[in-house]
Amino acid sequence: GSCASSSAPDGQFIAEMQKFNKDLDAAGVLLALEGLYPGTQGTRVKSAGGKWKISDGPFAETKEMIGGFWIWQVNSQEEAIEWVKRCPISAHAESEIELREVIPGEQFAGKLAPAFFERNNRAAA
């Protein structure tokens, strides 16, 4: 999931999030987590008509900015939702957590480049 928040964290919130992340880890659910610097420190790379346009921040903050992400290994969407409901962010900020399933690497790459995988599978046989 990814987390979008509209306010800066305080000490109590940080402590509660650290506990939540430790609980995820202790349960064997947490595979990865990362926080992201604000969009004001980012770079945007846009493509149009086969050309790239690069713009460095700062950019105006938008109402919805991704602040970080987790990668969880759960058995169902319902289990992921139960973990989200335990996340302490709801008590501290208006926020939204988006859940997405990870597409396994071979499935994802196979959709993008089936000829590449066919060629490599024949070579390995």
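How many residues does helix α1 have, and what does it reach from its first C-alpha to its last? The points below take up this question and then the rest of the chain.

1. Helix α1 covers residues 11-26, which is 16 residues, and spans 22 Å between its first and last C-alpha atoms. That is close to the 22 Å expected at 1.5 Å a residue. The model is a predicted one, and the values in this note are computed from it.

2. Overall make-up. The chain holds four helices and six strands. Following the sequence, their order is β-α-β-β-β-β-α-β-α-α. Of the 125 residues in the chain, 17% are buried. The chain exposes about 9,700 Å², and 54% of that area is supplied by carbon and sulfur atoms. When contacts between residues at least 6 apart in sequence are considered, 67% of them join residues at least 24 apart.

3. The buried side of α1. The buried residues in this helix are F13, M17, F20, N21 and L24. Viewed down the axis of α1, they fall within an arc of 95 degrees, so the buried residues line one face of the helix. Their packing partners are β2 (30-35), β5 and α2 (77-86).

4. The other side of α1. Which exposed residues sit on the face turned away from the buried side? They are G11, Q12, K19, K22, D25 and A26. After the helix comes G28, which has a positive phi, near 75 degrees.

5. The pair K19 and D23. Side chains of opposite charge can pair when their charged atoms come close. K19 counts as exposed because its relative accessibility is 52%, where exposed means over 50%. D23, with a relative accessible area of 23%, is partly exposed; the cut-off for buried is under 20%.

6. The link to R86. Where is R86 placed? This arginine is in helix α2. R86 belongs with K19 and D23 to a network of salt bridges. Leaving aside residues up to four places away in sequence, R86 touches F20 and D23. F20 is one of the buried residues of α1. R86 and F20 are 66 residues apart along the chain, yet their C-alpha atoms are separated by 7.6 Å. R86 itself counts as partly exposed, at 48% relative accessibility.

7. A second pair, in α2. E82 and K85 make a salt bridge in which the closest N and O atoms are 3.6 Å apart. Both residues lie in helix α2, three residues apart, about one turn of the helix. Is E82 buried or partly exposed? At 45% relative accessibility, E82 counts as partly exposed. K85 is exposed, its relative accessible area being 60%.

8. R100 counts as exposed at 67% relative accessibility, while E98 counts as partly exposed at 37%. The count of salt bridges comes to four.

9. The nonpolar surface patch. Which residues make the nonpolar surface patch of about 520 Å²? It is made by L31, L36, I66, F69, I71 and V102. Strand β5 (residues 66-72) supplies the largest share of the patch, three residues. I66 lies in this strand and, at 46% relative accessibility, counts as partly exposed. Strand β5 is also among the elements against which the buried residues of α1 pack.

10. What to look at in the structure. Start with α1 seen down its axis, where the buried residues line one face. Then turn to the opposite face, where K19 is among the exposed residues. Finish at β5, which gives three residues to the nonpolar patch.

Terms used: Residues numbered from 1 in each chain as written. Predicted model: local features only at pLDDT ≥ 70, side-chain atom pairs only at ≥ 80, totals over all residues. Heavy atoms only, no water. Patch = residues over 30% accessible without salt bridge, like charges linked within 9 Å, V, L, I, M, F, W, Y side chains within 5 Å. Areas by Shrake-Rupley, 256 points an atom, 1.4 Å probe, with all protein chains shown as cover. Salt bridge = Lys/Arg side-chain N within 4 Å of Asp/Glu carboxyl O. Helix = DSSP H or I, 4+ residues; strand = E, 2+ residues; numbered from the N terminus. Buried < 20%, exposed > 50% of the residue type's maximum accessible area, 1.4 Å probe, protein only. Expected span 1.5 Å × (residues − 1). Arc of directions from axis to C-beta. Contact = heavy atoms within 4.5 Å.
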